[in-house]
Amino acid sequence: MKLFRVKTGLPGVNRMKEFLEENYVCIGYTGVGDLEHAGKKEIHTRLVLAGTIAEAELEAAADSLDMFVNVMQDGDYVLIEDGEWAYLGDLGDYFYAEAFDSAEDGRCHRRGVTWLKTVPAPALNPLLRAWTGGEEAVLQYNGPLPEARLELWITDPSADGIPESEKAEWVDAETLSKALTVLKCALDSEDADRRERAAIALLQYAK
């Protein structure tokens, strides 16, 4: 089981309401066709041929598409923070919606989602809330995760009244120390939004 974060839409476009109502998530990068059987090398080639991505952004685009199409699997989780709320869903298979393959739309690469839980963003586990920022179209979480009941773990234990004895089962002292180091480094990021998220996470931890 893996956990991923997907952006909610194109710059200036937020599709979270549509994602929730129609039970899917999508990623941009149009003009490359159905990628169901395409590996990363072919994805990169198709992006070059499409000519819609700047050369400096090709690798990042290929990485994002490869992760969305090939790394994500049916049964993995997706977590999206959208302002005041965070949404956790169970991912389905990749599929290509040709009718939406245009630069103006960009909803062609999709995965179905069964939405499991909605929580206030401040109640999101601080480690995960700090991770949900960033500019990548899709990102995999590589921190510690429980083997089951992730929909409960996304909530900050202090917000749900979960006993301290159960918190210790999730995050050991070494992992917590590493996470705090990452958050402290994020305070010096050039990205103002990332700095703000890291500060919030550290303040929540300090409580």
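Tutor: Two strands count as a pair if DSSP finds at least two bridges between them. Helices (H or I, at least four residues) and strands (E, at least two) are DSSP runs, numbered from the N terminus. This is a predicted model, where local features need pLDDT of at least 70, side-chain atom pairs count only at pLDDT 80 or more, and totals for chains, interfaces and linings use all residues. Residues are numbered from 1 along each chain as its sequence is written, and side-chain values use heavy atoms, leaving out hydrogens and water.

Student: What makes strands S4 and S5 a pair?

Tutor: S4 (residues 85-96) and S5 (residues 109-120) are joined by 10 bridges and run antiparallel, and the rule asks for at least two. For Leu-88, the bridge partner in S5 is Lys-117.

Student: Why do S2 and S6 stand at the edges of the sheet?

Tutor: The open sheet has 6 strands in the order S2-S5-S4-S3-S1-S6, with mixed pairing. S2 (24-27) and S6 (138-140) each have a single partner strand, so one side of each lacks a neighbour in the sheet.

Student: Which residues of H3 are buried?

Tutor: Among them are Leu-58, Ala-61, Leu-65 and Phe-68, buried meaning under 20% relative accessible area, exposed over 50%, partly exposed in between (1.4 Å probe, protein chains only). The buried residues of H3 pack against S1, S2, helix H2 (40-50), S4, S5 and S6, contact being heavy atoms within 4.5 Å.
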